[in-house]
Amino acid sequence: MNRRDFSLNLLFGAAAIGFRRLPLQSSLRVNGDRIVEHLNALSQFGKNPQGGVSRVAFSDADRQGREFAQGLMRAASLEVTVDAAGNIVGRRAGTDSTLKPLLMGSHIDSVPEGGNFDGDVGSMSAIEVAQTLAEKNHRTRHPLEVIIFADEEGGTIGSHAIGGEISSKQLNLVSSSGKTIRDGIKFIGGDPEMLSSVRRHKGDIAAYLELHIEQGGILDTEKLNIGVVEGIVGITQWEVKVEGFANHAGTTPMNQRRDAMLAAAKFIDAVNRIVTSVPGRQVGTVGKLQAWPGAYNVIPGKVVLGLELRDLDATKIQMLFGKIRDEATQIAKSTGTTFEFTETNSIVPAPTDERLRKLIDETAKSLGLSTKWLPSGAGHDAQEIARIGPVGMIFVPSVGGISHSPKEYSRPEDIANGANVLLNTLLRLDSMMG
Ligand SMILES: [Zn+2]
């Protein structure tokens, strides 16, 4: 380790990424007006009467939006291909072909009745970064890849195919378009039989950067420019079955009831109390409830609840769940009911790379922007790519914290700021990484 490596390691902590050079101070800036123009043009595909888009993956609108994006990518001097999972990959060679590629990207599919910023901001900005580099004749040392991932909203399908494996069970799921994921991938030019060709492994990429709207209201409320994402939270979901005894609501005295709904109500309150009883940004929700037999005049004998816990730390999720289960045992005792928990879904947390967080923070500050470090409560393609290399995520404010809605909005100046942070973080990474 020479002296320069040593000082950088002090700056960035343990070296999983080989930062070799000092950061470049670049004067390059994106064209913010052009990003907004492209966002407006993209918003026409799948436009809905509420002013948002319904451009669900594998729909006609998705295919049209993808055509549009490919045209922009070619205009940005990227060599465009569609991989077997349907991801649009735009490449530009670097000056050193021995280096692994630097990736940027996001998605352009939406939820049904979604907005024009979720995914689109990151996708159009990544293309804008490539276009800016091409116009300024700046060739990166690393090969550059801009990726628009297929079907993000239906379960990060395209990025999952790169970072892991898509099961045949997943391929057979029916997506929001009405097509199975298998047929949808074919519809957008992929080949579901060849998904293994898309798979990449640890060390295959230098790094991945994703710009995205926050989808929450922290940056907007605190009037901050840039969110440095600490990671994408883990999510665990349980089906909770509460059993009591269904009986006549008129003739059963209050002290002889085994009311599953009453037990469920105490449980919901306990979840909220336990989740807020320890410091941190963890969230816990009971978002689903069904009672049987479901009549005015019958004491509920059975209730099924949906419990969900999210945090950046998987052990914290388990710790909270342990407390919740203990409390459920107490509630069961006092109400004459039983509780049964079945884990139905678990997504592990995906922390972003610590040195990339610092680099994004420093880059934003060098551009005169304010920053805040925060977790992402929503899932992103970055969580899949984190399996194969270091990832960094940049958030820009969502006005009013609204997302997955036609009312979703991010201001042009905030988008331009985010794209400039993306561009300059990429340039610094390109000059620093070995
Ligand atoms: Zn998104």
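By class, 13 nonpolar, 15 polar and eight charged residues form the lining of the largest pocket. Here Ala, Val, Leu, Ile, Met, Phe, Trp, Tyr, Cys and Pro count as nonpolar, Asp, Glu, Lys and Arg as charged, and the others, Gly among them, as polar. This is a predicted model: local features need pLDDT of at least 70, side-chain atom pairs count only at pLDDT 80 or more, and totals for chains, interfaces and linings use all residues. Residues are numbered from 1 along each chain as its sequence is written, and side-chain values use heavy atoms, with hydrogens and water left out.

The largest pocket has a volume of about 720 Å³. A pocket is an open set of points on a 1 Å grid over the protein atoms alone, with protein on both sides within 12 Å along at least five of seven lines; a cavity is a set where a 1.4 Å probe fits but cannot get out; lining residues have an atom within 4 Å of a point. Points are joined across faces, edges and corners, and a volume is the space filled by probe spheres set on them. Of the 36 lining residues, Thr156, Ile347, Gly379, Gln383 and Glu384 lie nearest the centre of the largest pocket. β12 gives the most to this lining, with three residues. Elements supplying at least two residues each include β7 (234-243), β11 (302-311) and α12 (381-385). Helices (H or I, at least four residues) and strands (E, at least two) are DSSP runs, numbered from the N terminus.

The second largest pocket has a volume of about 430 Å³. It is lined by 19 residues, and Val233, Arg281, Pro375, Ser376 and Gly377 are the closest to its centre. β11 and β14 (371-376) each give two or more residues to the lining. The largest share, four residues, comes from β14.

Now the metal. His107 (NE2), Asp118 (OD) and His212 (NE2) are the protein donors of the zinc ion, 2.0 to 2.2 Å from it. Donors are N, O and S atoms within 2.8 Å of the metal (3.2 Å for Na, K and Ca); water is not among the atoms, so sites may look incomplete. Asp118 sits in the loop between β3 (102-107) and α4 (120-135), and His212 in strand β5 (residues 207-213), so the pair ties together parts that are 94 residues apart in sequence. Asp118 and His212 are buried (under 20% relative accessible area, with a 1.4 Å probe and protein chains only).

The whole structure holds three cavities of 30 Å³ or more. The largest cavity contains about 40 Å³ of space.

Note on methods: Buried < 20%, exposed > 50% of the residue type's maximum accessible area, 1.4 Å probe, protein only.
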